[in-house]
Amino acid sequence: MEQWRTTDDHELVTSSNDIRTVTIAGSNGMTARLTNHGARLMSLTMPDGNGKPVDVVLGKDDPHDYATDDTLMGAIVGRNANRIQGARFTLDGREYQLTANEGANSNHSQPNGYEHRNWTILETGDSFVRFGLDSPDMDQGFPGRFRVSVRYALIEQGLTITVRGVCNATIVANLTTHTYWNLNGEGSGDILGHQLHIPADRFYSTDEQFIPLPGPAGRVDGTPMDFRRLVSIGERLRVGALKDDQQLAIARGYNHAFPIDGTAERRLKLMAEAVGERSGVRMTMYADAPTVLLYTAGFLDDVPGKNGHRYGPSAGLCLEPGFVPNAINRTDCPRPVLPAGQEYQLNILYRFG
């Protein structure tokens, strides 16, 4: 049996000597650099429309710098991505209390999130790497032992992220990738000129703590949330500002979940498409999750990045496949519950052109 590192609530970060980096290469000049600290994607470099190499991922030069990063750049988030209202939930008739790290709520299972664990490097090759983590019973306040692995692989004109997990009890399982993308190149300015397409006709409005409001998702028609055709992010924000859209004001942009098909059916489907207006780089993302959360980094505030760059608001955008925030406390959408003995799966495919 493969050996995963077991961590507990007293071990946010293991010895800095355990922090490693791996560089993988694919076809068409694409390379990726990763670190086992948070199973993070540190960089993804490819030729732009003029054949010039461009790194489209926000991050750090030194993997040790992620130990103090609270923006989750490039990390795998778990056990539960995004927010749980009141930092509590009920599972199999028992109530569980989590750490409230954002007001009264839990966000991204912090402060002891998977992004600050040194994952074990299970397997490497020229074009792939696989990380593993053993999360024990009651880790972060969640019941059940959860052994999870994440495999990154460069394929022809693309990147895959394959997440697998097994549990010994019924658990909450909702992982995601928290990569900040700037398709013009990290440190090149904001992403407001990027064109974006999300094939969703509904979205979830939130309260001021970014907890989706009760009731069904609203229609995107006539709102700044309408990305059913490829359109500039900045243009949508300008329209919203003219209408004094409070959802955009709360999030300083976007921090909203878009249900793609409204079911928990596991099949790869188009989640989003983005185009860098200056580089010409086009990224198409497919995943088998029910929802994608769009975050346009409205709360980045002079964050140190690569090559001496500083990242501010809208320096990148996150596209987070997973479940609706607070879904564990809802009954009107798929819930992130993994029955004992079943395998957790999250499959993500990025195509670049």
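Contact here means heavy atoms within 4.5 Å. With that in hand, welcome to a set of close-ups of a predicted model.

Figure 1. Leaving aside neighbours within four places in sequence, Q110 is in contact with D70, L72, T99, N101 and E115. With N101 there is also a polar contact between the two side chains, at 3.3 Å. Is Q110 buried or exposed? Its relative accessibility is 16%, so Q110 counts as buried, the cut-off for that class being under 20%.

**Figure 2. The cis peptide bond from Q110 to P111.** Stay with Q110 for a moment and look at the link to the next residue: omega is near 10° here, and the bond is cis. P111 has its place in the loop between β9 (106–107) and β10 (120–124). As background for this view and the ones on backbone angles below, most residues other than glycine have a negative phi, and most peptide bonds are trans.

**Figure 3. A cis peptide bond between G78 and R79.** What is omega for the bond that joins G78 and R79? The value is about 0°. R79 lies in the loop that runs between β5 (75–77) and β6 (83–84).

**Figure 4. N82, a residue with positive phi.** This view stays in the loop between β5 and β6, where N82 lies. N82 is not a glycine, yet its phi is positive, near 70°. The relative accessibility of N82 is 5%, and therefore N82 counts as buried.

**Figure 5. D244, between two helices.** Phi of D244 is about 55°, a positive value in a residue that is not a glycine. Is D244 buried or exposed? Because its relative accessibility is 57%, D244 counts as exposed; the class begins over 50%.

**Figure 6. The largest pocket and its lining.** The space in the largest pocket comes to about 390 Å³. How many residues line the largest pocket? There are 20, and D70, R83, E102, N107 and Y295 lie nearest its centre. By class, the lining of this pocket has seven nonpolar, eight polar and five charged residues. If you are comparing views, D70 is also one of the contacts of Q110.

**Figure 7. The second largest pocket, with strands β27 and β28.** About 220 Å³ of space lies in the second largest pocket. Its lining is made up of 14 residues, and those closest to its centre are R266, F323, V337, L338 and Y344. Both β27 (337–338) and β28 (343–352) supply at least two residues of this lining. Which strand gives the largest share? That is β28, with three residues. Sorted by class, the lining of the second largest pocket holds nine nonpolar, two polar and three charged residues.

**Figure 8. C167 and C333, two cysteines without a disulfide.** How many disulfides does the model have? The count is zero. For C167, the nearest cysteine sulfur is that of C333, 20 Å away. C167 counts as buried at 11% relative accessibility, and C333 counts as buried at 12%.

Conventions:
Residues are numbered from 1 along each chain as its sequence is written. This is a predicted model: local features need pLDDT of at least 70, side-chain atom pairs count only at pLDDT 80 or more; totals for chains, interfaces and linings use all residues. Side-chain values use heavy atoms; hydrogens and water are left out. Helices (H or I, at least four residues) and strands (E, at least two) are DSSP runs, numbered from the N terminus. Buried means under 20% relative accessible area, exposed over 50%, partly exposed in between (1.4 Å probe, protein chains only). On a 1 Å grid over the protein atoms alone, a cavity is a set of points where a 1.4 Å probe fits but cannot get out, and a pocket is an open set with protein on both sides within 12 Å along at least five of seven lines; lining residues have an atom within 4 Å of a point. Grid points are joined across faces, edges and corners, and a volume is the space filled by probe spheres set on the points. Ala, Val, Leu, Ile, Met, Phe, Trp, Tyr, Cys and Pro count as nonpolar, Asp, Glu, Lys and Arg as charged, and the others, Gly among them, as polar. A polar contact is a pair of N or O atoms within 3.5 Å; within protein, one must be able to donate a hydrogen and the other to accept it, and residues adjacent in sequence count only if both atoms are side-chain atoms. A disulfide is a pair of cysteine sulfur atoms within 2.5 Å.
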